[in-house]
Amino acid sequence: MDIDVRGPRFGAAVTSAVLAAVLVTGNAWLLAWQTLAFALGTAGGVGRSPYGWLFRTLVRPRLGPPVAFESPEPPRFAQAVGLLFAGLGLVGYTVGPEWLGLGATGAALAAAFLNAVFGYCLGCEMYLLIRRVTVRAE
């Protein structure tokens with residue numbers, strides 16, 4: 001079942017704000033929250049993430065009906081990529097080295113920002129590229 005394209009962009013906007021706050025404050029607990037949000041989005045799809053729930057219950061009812069849909073698999077893969085970077089950032093902030101926390105969190109922020117502001121989902125594009133390469137290889 002396809003999903004409303006506005007949902008992942010909303011989630012990316014919230015994610016951008018959270019990750020920016022992590023970079024400003026160095027708060028590992030806040031990054032742990034974002035890591036959990038990515039894990040839930042990876043396990044259950046973006047609709048099952050906390051930000052997907054917020055979009056579905058608070059934002060979407062106030063918007064007009066969706067006009068564009070997308071397959072849920074690319075955003076779910078993007079959540080997994082975000083989980084990887086947030087996890088690396090969490091290791092950097094809690095165990096060290098600090099540059100790992102800053103770099104991984106910054107990379108996750110850059111990807112989320114691209115999606116939130118420009119509608120360009122870097123993880124989704126990675127998913128589609130991997131699919132093209134693996135389908136051609138078969």
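## How H1 and H2 pack

Two packed helices are described by the angle between their axes and the distance between the axes. In this predicted model, H1 and H2 pack at an angle of about 150°, with their axes 9 Å apart. That makes H1 roughly antiparallel to H2 (angles over 145 degrees count as roughly antiparallel, under 35 as roughly parallel, 65 to 115 as roughly perpendicular and the rest as oblique). Axes are lines fitted to C-alpha atoms, for helices over the stretch in contact, and angles run from 0 to 180 degrees between N-to-C directions. Helices are DSSP runs (H or I, at least four residues), numbered from the N terminus.

H1 passes H2 in a left-handed crossing (the near helix is turned anticlockwise from the far one by less than a right angle). On the H1 side, Thr 15, Val 18, Leu 19, Ala 21 and Val 22 make the contact. H2 brings Leu 30, Leu 31, Gln 34 and Phe 38. Contact means heavy atoms within 4.5 Å.

## Gln 34 in H2

Gln 34 lies in helix H2. Is Gln 34 buried or exposed? Gln 34 is buried, because its relative accessible area is 0% (buried means under 20%, exposed over 50%, partly exposed in between, with a 1.4 Å probe and protein chains only).

Leaving aside neighbours within four places in sequence, Gln 34 is in contact with Thr 15, Val 18, Leu 19 and Tyr 51. The side chains of Gln 34 and Thr 15 make a polar contact at 3.5 Å (a pair of N or O atoms within 3.5 Å; within protein, one must be able to donate a hydrogen and the other to accept it, and residues adjacent in sequence count only if both atoms are side-chain atoms). Gln 34 and Leu 19 are 15 residues apart along the chain, and their C-alpha atoms are separated by 7.6 Å.

## The nonpolar core

The largest nonpolar core has nine residues, including Leu 19, Phe 38 and Tyr 93. Such a core is a set of buried Ala, Val, Leu, Ile, Met, Phe, Trp, Tyr and Cys residues joined through side-chain atoms within 4.5 Å. H1, H2, H4 and H5 each give two or more residues to this core. The largest share, three residues, comes from H2.

## Ser 49 in a loop

Ser 49 sits in the loop between H2 and H3. Ser 49 is buried, with a relative accessible area of 6%. Its side chain reaches the backbone oxygen of Val 46 at 2.9 Å.

## Reading the values

Residues are numbered from 1 along each chain as its sequence is written, and side-chain values use heavy atoms, leaving out hydrogens and water. Local features need pLDDT of at least 70 and side-chain atom pairs count only at pLDDT 80 or more, while totals for chains, interfaces and linings use all residues.
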